[in-house]
Amino acid sequence: MGEVRKLQKKLRQIENLEIKISLTPEERFKISRKAELRSRLAELQLQLSGPQQTLGIVGDGKKEKMKRQVEDAPEALPSQTPPASKILKGQEESEAEAAPVPDAMQRKTEGGAETGRLRERKEPAKESDHCRDVSGGSLARADSDKEQQLRQEDAEFTSLKVSWEKAKFRLRLLEGHSDIVTCVVAVDNLVVTGSRDTTVKVWHVPTATEHKNLGGHTGGVTCLSAPPPECCKRLARSLSLSDKERFILSGSADCYVKIWALSIGQCVKSIYTFNAVTALCFVPEEDGYIVTGSDGGKVQAWSWHTFENCQSINAHQEAVTSIQSQGPLVFSGSAEGGVSVWENWCSDRDPLRLLHHWSGQVTGCGGGPGGRLTLSPRGDRVLLAYGRAWLKILHWRTGAMSRLTNHSSITGVTDCVHQTAGLLIGSCYDLANGESTLNLFSLPQCRYLASLTWPGAPRILCFAAWTTGSGDHRWVTGGHDLIVWEQLPVSGKQRGDVTAKRDSRLDSLLESEGDTEDDEESDDYEDDDDKYEGKDGRTDNAEDGGSGSWLRCILQ
């Protein structure tokens, strides 16, 4: 098992090295051994697992057996539970049997006066029985309504699962970038992408052609954001452009945020941030704000009206790798696994107020210097992808954690998570065999629906989605390849390019972090025998530790 872990770490390091632009001779040699290492790992897994088992994410032995027994144990169906009225009736009978018999009942020869008193004593009991029957009836109706609701939800889930098992997609490759696509957003019929090749490109989806090439950054483009139309309208008027003009924000390692007008294909404003920009989002509250994250862990807010800096906060210890907004709330995640929740006070100075900060020790997403945390907020929960076989779910008000299985093996890597039209979509890449999939879950229950893949599918690093007027899905995935997904009618004769399948090992429900094994391990992927690694765990060409290492890994 120790050699298996070591091989898994080596493969994880190789996958991170492959997305670098400049490589040392030692790193190139290490990458050249990927096929050899995968073959050796497959042999070891076969030897350890046997014909009936595979190396899973839960483990084996008595603990796994007990866990399966608990999971397989049939739950009590609502129909098997006695109605509330019967329970109350049984309680009354027990009480009646236990109660002492009144003396008056024993004296059968007593006069009518005593009989009258007994009748008077019985009247309150009848009234009480009537109240209990009414209460019992209400409880029974509530149980019946809840049972009916659960049945309806199960029926809807089953129908949705069957539809996705039959789903068909046509794939179209968008060619034009000369390096890895790091970010993608959808605007109307256009898709905008950013790449390590320093360009921002605009694509026309219906024809799958490049619409515009936006050049101007001198460093790799790391993030994109699309302000809503009402905010674009105000800026367009100030620039004497059409009210229908749409703008795109791009952040880069060159420390600039650029604002592009899509119709004319020009940069209308550049904001110098003094830090390499690794994440950004647009907050539409009041006049609007641009919130950026840097490679040094800084979170900054910029006025959409004046484009001046409103606030700078040293929020995280390492690079900010993801920033998302939800109404007046802003969520930032960093390479060390920390998550911060901010509230926008809509003021000219210091508009962001920290509500909560949960460290990597709480989230369990500590990825080390090369970590990359991607987040997607939903109500009181934040979905986290952090380069492991699970999706983590943070209840950001309380700090409670749970996880959702996104791959059946610990060699799985989750790079991005996205929510669209009642779906939770998580990308997954298997380090051991190079297979890539998109896993679909229903929302809000996070129940597994299906997995989509195709031969030779590349690793997916970013994702954008929307639905057409007819309700069909359109997706764009980026990474080594930029691909448009077009959903086809199930009843049509055209064959799809994607295979929909189900992995029953992903059917497990959400697990509380307190009930799971300690599966986290160090992300120190460097081997002890690597000659080009220093004693402090850094490569010889590393300029400094922590703050900029994620950016160097992704963009250099």
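Two strands pair if DSSP finds at least two bridges between them. Strands (E, at least two residues) and helices (H or I, at least four) are DSSP runs numbered from the N terminus. The model is predicted: local features need pLDDT of at least 70, side-chain atom pairs count only at pLDDT 80 or more, and totals for chains, interfaces and linings use all residues. Residues are numbered from 1 along each chain as its sequence is written, and side-chain values use heavy atoms, with hydrogens and water left out.

**View 1. The open sheet β14-β15-β16-β17.** Four strands in this order make up an open sheet with antiparallel pairing. At its edges are β14 (320-326) and β17 (352-358), each of which pairs on one side only. Neighbouring strands are turned by 20 degrees against each other on average, direction ignored; axes are lines fitted to C-alpha atoms, for helices over the stretch in contact, and angles run from 0 to 180 degrees between N-to-C directions. The antiparallel strands β15 (residues 329-334) and β16 (residues 339-344) are joined by five bridges. For V330, the bridge partner in β16 is W342.

**View 2. The two sides of helix α2.** Buried means under 20% relative accessible area, exposed over 50%, and partly exposed in between (1.4 Å probe, protein chains only). In α2 (residues 25-32), the residues E27, K30 and I31 are buried. They lie on the same side of α2 because they cover an arc of only 100 degrees around the axis, the arc being that of the directions from the helix axis to the C-beta atoms. P25, R28, F29 and S32, on the other side of α2, are exposed.

**View 3. Aromatic pairs.** Rings of Phe, Tyr and Trp (its six-membered ring) pair if their centres lie within 6.5 Å; planes under 30 degrees apart count as stacked, over 60 as edge-to-face and the rest as tilted. The whole structure holds 13 aromatic pairs. One of them is stacked: the ring centres of W164 and F169 are 6.2 Å apart, with the planes at 10 degrees. W164 and F169 are both buried. The pair of F331 and W396 is edge-to-face, because the planes stand at 75 degrees with the centres 5.9 Å apart. F331 belongs to strand β15 and W396 to the loop between β20 (390-395) and β21 (400-405), so this pair ties together parts that are 65 residues apart in sequence. F331 and W396 are also buried. A single aromatic cluster is formed by W164, F169, W454, F463, W475 and W485.

**View 4. Charges over rings.** A charge sits over a ring if NZ of Lys or CZ of Arg is within 6 Å of the ring centre and within 35 degrees of the ring normal. K258 lies over the face of Y256, 5.0 Å from the ring centre. R447 lies over the face of F157, at 3.8 Å from the ring centre.

**View 5. The loop between β25 and β26.** P444 has its place in the loop between β25 (436-442) and β26, and a cis peptide bond with omega of about 10 degrees joins L443 to P444. C446 is found in the loop between β25 and β26. Although C446 is not a glycine, its phi is positive, at about 60 degrees. With 3% relative accessibility, C446 counts as buried. Most residues other than glycine have a negative phi, and most peptide bonds are trans.
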